[in-house]
Amino acid sequence: MKVLAIIPARYASTRFPGKPLAMIGNKPMIQHVYERVADSGAADETLVATDDERIADAVENFGGKVLLTIHKHNSGTDRCGEVLERMDEEYDVVINVQGDEPFVDAEQLTTLAKVFQNPKAQIATLMKKIEDLETLMDRNVVKVVCDKGGRALFFSRQPLPYLRGADERDWLAKHAYYKHVGIYAFRSSTLAQVVQMPQGVLERCESLEQLRWLENGIPIEVRETTADSFSVDTPEDLKKILELKASRKK
């Protein structure tokens, strides 16, 4: 099984323009992501996919592989689809790691890759148990519920399920809730399929692209991880990352 890891990275973020080039220590964020993915051993090849020459130059400067893509993509998944189509070599599986995940964990990536030892697996992603009420109620934190076989039933910004008759402060004590960790892996044939799908009703409601895949009947395998994720959406997020990095050195 041959695995390609793609790191979509764009410069024109509304809330944090140029964030892949934001410095964490003496390295740009995109380098932290690239090195963690490449060193994980989960993929046979790792590359950055970007529509901006400034990011491409930064990747080339630290010795990474990069491919310039078109500008019009609406999501990292779409950018990964273009890369897969343009690759000279064939790959069985594509892992999509966003360029704003500087602390992505090797265990997360190897867990995703192993899912595809099952020839029926089409898409895989991760979840982590929610430990605090603030995270559970945060509408920016996506939650996931699964069936008994570990396949996603639904993703939502709302806490799922709703515990009828129980005070919200007691929900975590009465039920295990999980947040979605937004790293995806696709069988290559499935990736080529999903990037051609029009936006669905559920996706428009929640602004979550994975609902498009569920709405079209594509199963999503979900595996639990104990490693947390730290995506950077704003300069404030980066400040928290830098504080965390500093605390880990102590």
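This is a predicted model: local features need pLDDT of at least 70, side-chain atom pairs count only at pLDDT 80 or more; totals for chains, interfaces and linings use all residues.
Residues are numbered from 1 along each chain as its sequence is written, and side-chain values use heavy atoms, with hydrogens and water left out. The chain has 10 helices and 11 strands, where helices (H or I, at least four residues) and strands (E, at least two) are DSSP runs numbered from the N terminus. Its radius of gyration is 18 Å, close to the 18 Å that the globule rule gives for 250 residues, so the chain is as compact as a globular protein of that length; the radius is taken over C-alpha atoms, and the rule is 2.2 Å times the number of residues to the power 0.38.

**Overall fold**

- The C-alpha trace of the chain spans about 55 × 45 × 30 Å along its principal axes.
- Of the 250 residues of the chain, 52% count as buried, where buried means under 20% relative accessible area, exposed means over 50%, and partly exposed lies in between (1.4 Å probe, protein chains only).
- The accessible surface of the chain comes to about 12,800 Å², of which 46% belongs to carbon and sulfur atoms; accessible areas come from the Shrake-Rupley method with a 1.4 Å probe, and for residues only the protein chains shown count as cover.
- Among contacts (heavy atoms within 4.5 Å) between residues at least 6 apart in sequence, 67% join residues at least 24 apart.

- In helix α2, which covers residues 53-61, the buried residues include Ile-55, Ala-56, Ala-58 and Val-59. These residues cover an arc of only 160 degrees around the axis, which puts them on the same side of α2; the arc is that of the directions from the helix axis to the C-beta atoms.
- The cover over the buried residues of α2 includes β1 (3-9), α1 (29-40), β4 (45-50) and β5 (66-68), whereas the face turned away from the buried side carries the exposed residues Glu-53 and Asn-61.
- After α2 comes Gly-63, whose phi is positive, near 90 degrees.
- Helix α4 has as its buried residues Gln-108, Leu-109, Thr-111, Leu-112, Ala-113 and Val-115, and these pack against α1, β6, β7 (123-129), β10 (178-187) and β11 (220-224).
- At the start of α4, a side-chain oxygen of Asp-105 reaches to within 2.8 Å of the backbone nitrogen of Glu-107.

**Polar residues and their surroundings**

- Asp-100, in the loop between β6 (93-96) and α4 (106-115), is buried, with a relative accessible area of 12%.
- The side chain of Asp-100 makes a polar contact with the side chain of Lys-19 at 2.9 Å; a polar contact is a pair of N or O atoms within 3.5 Å, of which, within protein, one must be able to donate a hydrogen and the other to accept it, and residues adjacent in sequence count only if both atoms are side-chain atoms.
- Not counting residues up to four places away in sequence, Asp-100 touches Lys-19, Met-29, Phe-230, Ser-231, Val-232 and Asp-233.
- Lys-27, in strand β3 (residues 27-28), counts as partly exposed at 26% relative accessibility, and its side chain makes a polar contact of 2.8 Å with the side chain of Glu-35.
- Ser-40 is found in helix α1 and counts as buried at 14% relative accessibility; a polar atom of the Ser-40 side chain lies 3.2 Å from the backbone nitrogen of Ala-42.
- Leaving aside neighbours within four places in sequence, Ser-40 is in contact with Ala-106, Leu-109 and Thr-110.

**Cysteines and backbone features**

- A search of the whole structure finds 0 disulfides, a disulfide being a pair of cysteine sulfur atoms within 2.5 Å.
- Cys-146 counts as partly exposed at 26% relative accessibility, and Cys-205 counts as exposed at 63%.
- Most residues other than glycine have a negative phi, and most peptide bonds are trans.
- Ser-207 has a positive phi of about 55 degrees although it is not a glycine; Ser-207 lies in the loop between α8 (201-206) and α9 (210-215) and counts as exposed at 55% relative accessibility.
- The peptide bond from Leu-160 to Pro-161 is cis, with omega near -5 degrees, and Pro-161 lies in the loop between β9 (152-156) and α6 (171-174).
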